[in-house]
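Reader: I am new to this structure. Could you take me through it one topic at a time?

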Amino acid sequence: LHSITMAAARAGNSLLAPAQVVGGARVFEVDYSGEAKVGTCRDMCPPEEREKRGSESLKGADQAQIFEVVPGTRDCDYDRMVSKFQRPTPGYNPLAKDIRRILTLMKTTQYLWQNVLMAEKDYSKRYLYLFDRTRQVRQELSMQGDKGMESIYISEQIARFFIFSYHTMCEEADWKAQHKQQNEEQLGKCLITLKACYNKRRLHALQTGDHSGLEHEEEFLSYLLIMYACQKDAFQISTFLASVPDSVVNGKQFRFALDVHSALSTRDMEKFRRLFQSSNYLQACLLLRGIEGFRRLAALMLGRTFKPSANFSTEEFCEYFILENEEEACSFAEHFGIGFGRTEDGIRFETTRIGVGTELRESSMKVFPLKRMPNLLEGRLLAGKSLLKVVV
């Protein structure tokens, strides 16, 4: 364990870690690979950027961000402005005065959760704003080479935001076309960064006995394993598991992630169904990455598993395919050519008409579009628990 930790910690000390495949794309631990420096800016948005964007907004070039204007006007509220993401380009070398201090980054993320995440505005607008601003926060942590406790806390909160947004945004057309893949990539980067931070803190704990910063290590390493399991990347999973400490492997949350990996790798639909039903809110949001393939396989196997005369009630059908309600069940049945009709006892779904007129093969079956599950997922939040409490 000590040698593994030492090796991982040495790897984690590099500003630019080796590429890993997350969300279907090769991603790096950070976006910035320049020389590390210590930020000195104490504002949520550096003065020069604030002035530049203020003038652009007056000219209509910035489309005046709704979260950065004086309420009821189009005038910029400079106290509410948060630094925008700037994509690194060759020669990109910001000055220390344009990089926010670690404590300022902490203050900025808390401001974003309390004043933007919880704002009474369309969630898609909140998401796009938070996605951009938190990406810049993470980049500035990378610029400073920080893997301390503050970086851990910030990255943990941002990762939770990415996780539940997969569910909250899943029906948005722009999300499917543009932002879904980016969300996956940024979540992957965030989790890989956290793994490097935990490695460094674990080395510190071995030397000092101070385990602060490792309180949620099991939670986030289990999230990374679930992501890998949904991608069915056996090599990545085996490499990852070899570096996970025993104290994490034996934990309840990580054992859940191992069970998810087992269910998906063996195509055990009943086990996956049980895991989804027993999952907490964030675990369920992560499992949505595997649910489309699960439903397609379950539809394929339905006619092979049950007798030709078998039929299901709406409740049984929804439970079998992990569907939200009767309306979604009927849409799902139409999508896969499963017969259904209304009887005295309600709608019944029949196995006798599965794939009538089609050659039912998994490779040719289109994925059923993912929809929000307010009853199945959001009901798992504790009574009165807000998204703010989920994040922090």
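**Contacts, core and helix packing**

Author: Leaving aside neighbours within four places in sequence, leucine 191 is in contact (heavy atoms within 4.5 Å) with Ala159, Phe220, Tyr223, Leu224 and Met227. This is a predicted model, in which local features need pLDDT of at least 70, side-chain atom pairs count only at pLDDT 80 or more, and totals for chains, interfaces and linings use all residues. Residues are numbered from 1 along each chain as its sequence is written, and side-chain values use heavy atoms, with hydrogens and water left out.

Reader: Which residues of the largest nonpolar core touch the most other members?

Author: They are Phe164, Leu191, Phe276, Ile291, Phe317, Phe321 and Phe332, out of 99 residues in that core. A nonpolar core is a set of buried Ala, Val, Leu, Ile, Met, Phe, Trp, Tyr and Cys residues joined through side-chain atoms within 4.5 Å.

Reader: And where does the largest share of this core come from?

Author: Helix H12 (residues 281–305) supplies that share, 14 residues. Helices are DSSP runs of H or I with at least four residues, numbered from the N terminus.

Reader: Changing topic, how do H7 and H8 pack?

Author: Helix H7 (residues 217–231) and helix H8 (residues 234–242) have axes 9 Å apart, at an angle of about 160°. H7 is therefore roughly antiparallel to H8, a label for angles over 145 degrees. Axes are lines fitted to C-alpha atoms over the stretch in contact, and angles run from 0 to 180 degrees between N-to-C directions.

Reader: Which residues make that contact?

Author: From H7 there are Leu221, Leu224, Leu225, Tyr228 and Ala229, and from H8 Gln236, Ile237, Phe240 and Leu241. They divide into 8 nonpolar, 1 polar and no charged. Here Ala, Val, Leu, Ile, Met, Phe, Trp, Tyr, Cys and Pro count as nonpolar, Asp, Glu, Lys and Arg as charged, and the others, Gly among them, as polar.

Reader: Is arginine 273 buried or exposed?

Author: Arginine 273 is buried, with a relative accessible area of 4%; buried means under 20% and exposed over 50%, with partly exposed in between (1.4 Å probe, protein chains only). Its place is in helix H11 (residues 269–278).

Reader: What does arginine 273 touch?

Author: Not counting residues up to four places away in sequence, arginine 273 touches Phe294, Glu319, Tyr320 and Ile322. The C-alpha atoms of arginine 273 and glutamate 319 are separated by 8.3 Å, and the two lie 46 residues apart along the chain.

Methods: Helices (H or I, at least four residues) and strands (E, at least two) are DSSP runs, numbered from the N terminus. Angles under 35 degrees count as roughly parallel, over 145 as roughly antiparallel, 65 to 115 as roughly perpendicular and the rest as oblique.
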